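Please keep the sequence and the model in view while reading.

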Amino acid sequence: MWIYEKKLQYPVRVSKCDPRMAKFLIEQYGGADGELAAALRYLNQRYSIPDKVIGLLTDIGTEEFAHLEMIATMVYKLTKDATPEQLRDAGLGEHFADHSWALHYHNAAGHPFTVTYIQAKGDPIADLYEDIAAEEKARATYQWLIDMTDDPDLQDGLKFLREREVVHSLRFREAVEILKQYNEEKKIF
Amino acid sequence: MTKLVPKEYEQLMQELQALDFVLVELTLYLDTHPDDEQALAEFGQFARRRAAVAHQFESRFGPLLEFGRGPAPARWTWCEGPWPWQV
């Protein structure tokens, strides 16, 4: 089970109302390499992965939900004071017609989240390589997002998230090595 | 809705976030290096410091966790804000 903690993992500040950036940031909310996809991907893999890496998948999967909440907070803060006209001018007219100021799980281009973004092969190496790729793709997306804003407060939160992708990728690479070693040991009688 | 919070809320929250950063890092590290005794000792140290700061925060600003995971409340304040995205 999970217990909610009433705090963000890292402070989220923005220095201005910027619905245009919110439109781009939603990529990491409901996009293919976003935080929702990451959490669902890792937590779902736990049931068929060797015991040695279940703890890691559980803890990284859980941290992804904390990141999802940070992205949601960024989008909320960037849009909450925007008028419908400002949202329309920022390219969020279609979003506003359906969702008003509500968040929704879709990517920057407006495509709704789909579970086909993630896979589950039940092969530990195949699954962990997917996880490493997902972290690297998310890291790249965070870099593009940082490059598109001049808001130092927003950049600070995004840089934190970018660095977490680097750490997760490193831990998943170690998990691959642990499993390779484990497989070699099993062959010695 | 954005809510104004006292300076102490921000200070204690930031302290908590900093300690939790160390604990999350050590948790993931220990998941792949469970035999590292130095990391385990650091985890214990930071967990104790974290508990003290969390207690300080909760006594001023209400529970961080509910479902009975903290001290028994005299009054139910869990459902009151500010929520994390409102500060």
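This is a predicted model: local features need pLDDT of at least 70, side-chain atom pairs count only at pLDDT 80 or more; totals for chains, interfaces and linings use all residues.

Which helix of chain A provides the largest share of the lining of the largest cavity? The answer is helix 5 of chain A, which contributes four residues.

**Cavities**

A search of the whole structure finds two cavities of 30 Å³ or more. The largest cavity has a volume of about 130 Å³. Its lining is formed by 14 residues, and those closest to its centre are A:Val75, A:Thr79, A:Leu92, A:His95 and A:Ala102. Two or more lining residues come from each of helix 1 (19-25), helix 4 (54-79) and helix 5 (84-99) of chain A.

The second largest cavity holds about 30 Å³ of space. Among the residues that line the second largest cavity are A:Asp33, A:Glu35, A:Arg41, A:Tyr42, A:Glu64, A:Glu135 and A:Glu165. The elements giving two or more residues to this lining are helix 3 (35-45) and helix 6 (124-147) of chain A. Helix 3 of chain A gives the most to the lining of the second largest cavity, with four residues.

The table sets out the classes of the lining residues.

| Cavity | Nonpolar | Polar | Charged |
|---|---|---|---|
| Largest cavity | nine residues | four residues | one residue |

**Helix 2 of chain B**

Helix 2 of chain B covers residues 37-61, 25 residues in total. From its first C-alpha to its last, helix 2 of chain B reaches 35 Å, close to the 36 Å expected at 1.5 Å a residue.

Which residues of helix 2 of chain B are buried? They are B:Ala39, B:Phe46, B:Arg50, B:Val53, B:Ala54 and B:Phe57. An α-helix has 3.6 residues a turn, so residues three or four places apart point the same way. The buried residues of helix 2 of chain B pack against helix 1 (7-32) of chain B.

Both ends of the helix deserve a brief description. Just after helix 2 of chain B comes B:Gly62, which takes a positive phi of about 95 degrees.

Technical notes:
Residues are numbered from 1 along each chain as its sequence is written. Chains are lettered from A and ligands numbered from 1 in the order in which they are written. Side-chain values use heavy atoms; hydrogens and water are left out. The expected span of a helix is 1.5 Å times one less than its number of residues. Buried means under 20% relative accessible area, exposed over 50%, partly exposed in between (1.4 Å probe, protein chains only). Contact means heavy atoms within 4.5 Å. On a 1 Å grid over the protein atoms alone, a cavity is a set of points where a 1.4 Å probe fits but cannot get out, and a pocket is an open set with protein on both sides within 12 Å along at least five of seven lines; lining residues have an atom within 4 Å of a point. Grid points are joined across faces, edges and corners, and a volume is the space filled by probe spheres set on the points. Ala, Val, Leu, Ile, Met, Phe, Trp, Tyr, Cys and Pro count as nonpolar, Asp, Glu, Lys and Arg as charged, and the others, Gly among them, as polar.
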